[in-house]
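Let's take a look at some charged pairs and helices in a protein chain. Have the sequence and the 3D view ready, and follow along.

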Amino acid sequence: MSWGTELWDQFDNLEKHTQWGIDVLEKYIKFVKERTEIELSYAKQLRNLSKKYQPKKNSKEEEEYRYTSCKAFLSTLNEMNDYAGQHEVISENMTSQITTDLARFVQELKQERKSNFHDGRKAQQHMETCWKQLESSKRRFERDCKEADRAQQYFEKMDADINVTKADVEKARQQAQIRHQMAEDSKADYSSSLQKFNQEQHEYYHTHIPSIFQKIQEMEERRIVRIGESMKTYAEVDRQVIPIIGKCLDGIVKAAEAINQKNDSQLVIEAYKSGFEPPGDIEFEDYTQPMKRTVSDNSLSNSRGDGKPELKFGGKSKGKLWPFIKKNKGATPEDFSNLPPEQRRKKLQQKVDELNKEIQKEMDQRDAITKMKDVYLKNPQMGDPASLDHKLTEVSQNIEKLRLEAQKFEAWLAEVEGRLPARGEQARRQSGMYDGQGTPTANSCAQDRESPDGSYTEERSQENEVKVLATDFDDEFDDEEPLPAIGTCKALYTFEGQNEGTISVIEGEILYVIEEDKGDGWTRIRRNEDEEGYVPTSYVEVYLDKNAKGAKTYI
C-alpha cells in the first residue's frame, strides 16, 4: 500500500488532505492548551477558597480551631490546597509534554510538507515543459510534411506543363527536394522528442511521484502516530496525580474520622466553666410569722450568728443579687480578675507559660551572645568583644523584667489555686451563680479581686457582665432594724465604693463590722447609723468581739 502507486494522479487531493491533518493537530493543541488554562484557573479558585476560610491569625476564629470538628475543617482546607497544587501539576505537565512539543512538531511538519509538495510541483512543471516541447516538434513535423506535399504537387504540375521553361521546372524540383528534406528533419526531431518525453513520463510516474508521495505518506503517518502518543500522554498526566489526589482525599477522611464529640464537649466545659457551685435552695419565707421569718442563705442580709436580727425586705423580696457589680467600662484587668475563678486560673496559667517561653528565648539569645563574645576574646580579628556588652546587658535586663512579670502572674496564679484546691471544688457562693455566657440572669456573683499592692479591680468584661434587678438596694433597708455590730475593722487601703451597695473608706479609718465575709470576698461594715455597705475583705483588718466565733484577720 503506497500513495505513490495507488494515488499517482491525486496530487491535489493529497495536498488538501495533508493540510487537513495539520489543522486537526493544531486543533488538538488548542484543546490541550485550553485544558491547561482551565486547570490553572480551577487550582487558583481552589487556593483562594482555601485561603478565604483559613482562620485569621490572632482572632477569635483561631481559638475555635481547638475543637476537633474545626481541626478537621482546617485539615480539609489544607488538603484542598494540596489538591489544587496537583491541578497545577497537570497544567504544567500538559504544557511541557504536549502543547510545547506538538507546537514544535507542527512547525517541522509544515516545513516538510511544503518541501515535498514543492518537489512534486517542480516535477509536474518539468513534465509540462517536456509535453510542450513534444507538441511543438509534432506540429513542426506536421507542417513540414504538408509543405513537402504541396512542393511535390507543384513540381509535378510544372513538369507536365509544356509551356513552362526547363529552368522553372528545375527550380520547382529543387524546392520539392528541400521541403522533403525539411520534413525528414522534422520527423527525426519529433521522434527524438517523443522518445525523450516517454522516458521522462515514465520516470515521473514510476520514480519521482512515488518517491515524493511516499515521503508525504510517511509524514502523514508520523503526524497520526504523534497525535496518538499525545493523547496517551494526556491521560497519563492525569493518571500520575491520581495517587496524590487520593492521599489528599484520604487525609480529609482521616481528619473527619478524628472528630471526637466528647472531646469537643469537654473543651466547651473548659472554655466556659466558671468554677462556682450552683446556689443552694431558697428557704420558704413565712409571711404569717414576720418576727420569725428567716432569709435564704443566698440573701445578702443573711447573718451567720444565731439570734441576730434579720433584714426584712418587705414585699420587694426577689432572688438576691449583688447590687454592686460594676458594668464594663474598659479593658480587661491585667490579673484577669473580671473572670470567674476557673477561667482566671487558665488565663493566668497561659500567661505564665507565655512569659516562661519568652524568658527561655531571651536566655538562649544571651547564651548565643556569650559564646560569640568568647569567640571574639579568643580571636580578636573576628570582632570586638566590647561591642557585645551593650547587647548582653540589654538582654539580661529583659530577662529580669520578664522574670518579675512572671513572678507577679505566678503570685496571682498561686492565689487563685489556693482558693481552688481541687480545681473543681469551689467555695460555696452564697450570693448567687455566675453566668459564664454574659447573658442576663437572676443569680450572679462577684469574685475576689484584690491584689498585694492594695489595688482593686472591679468587673469589666462585657461578656461576664451581670445585670442586676431593678431593686432599690437602699430602700430595702429603710424599714429594717440595723444589724448589730459584731466587731470592728481597720481600713488597710483607701477604697472608693462607686457601685450601689458599697461604701467608701479611707486608709486607717476604724469602722464597725456588721457582717463578716461569707466566702465571696466582701465584708459588710458601718460607719454610722446612716452609712453602711460592703468593702473588699482584703482592704480591711477585722477584729471580732469576744462574743463572735473568734478574731479573724483578712489581709
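## A pair on one helix

Glutamate 405 and lysine 408 sit three residues apart, about one turn of the helix, and both belong to helix 8 (residues 389-419). Helices here are DSSP runs of H or I with at least four residues, numbered from the N terminus. The two form a salt bridge, with their closest N and O atoms 3.6 Å apart. That term means a side-chain nitrogen of Lys or Arg within 4 Å of a carboxyl oxygen of Asp or Glu.

Glutamate 405 is partly exposed at 26% relative accessibility, and lysine 408 is partly exposed at 29%. The cut-offs: buried is under 20% relative accessible area, exposed is over 50%, and partly exposed is in between (1.4 Å probe, protein chains only).

## Where the numbers come from

This is a predicted model, where local features need pLDDT of at least 70 and side-chain atom pairs count only at pLDDT 80 or more, while totals for chains, interfaces and linings use all residues. Residues are numbered from 1 along each chain as its sequence is written, and side-chain values use heavy atoms, leaving out hydrogens and water.

Arginine 35 is buried, at 15% relative accessible area, while aspartate 238 is partly exposed, at 23%.

Methods. Helices (H or I, at least four residues) and strands (E, at least two) are DSSP runs, numbered from the N terminus.
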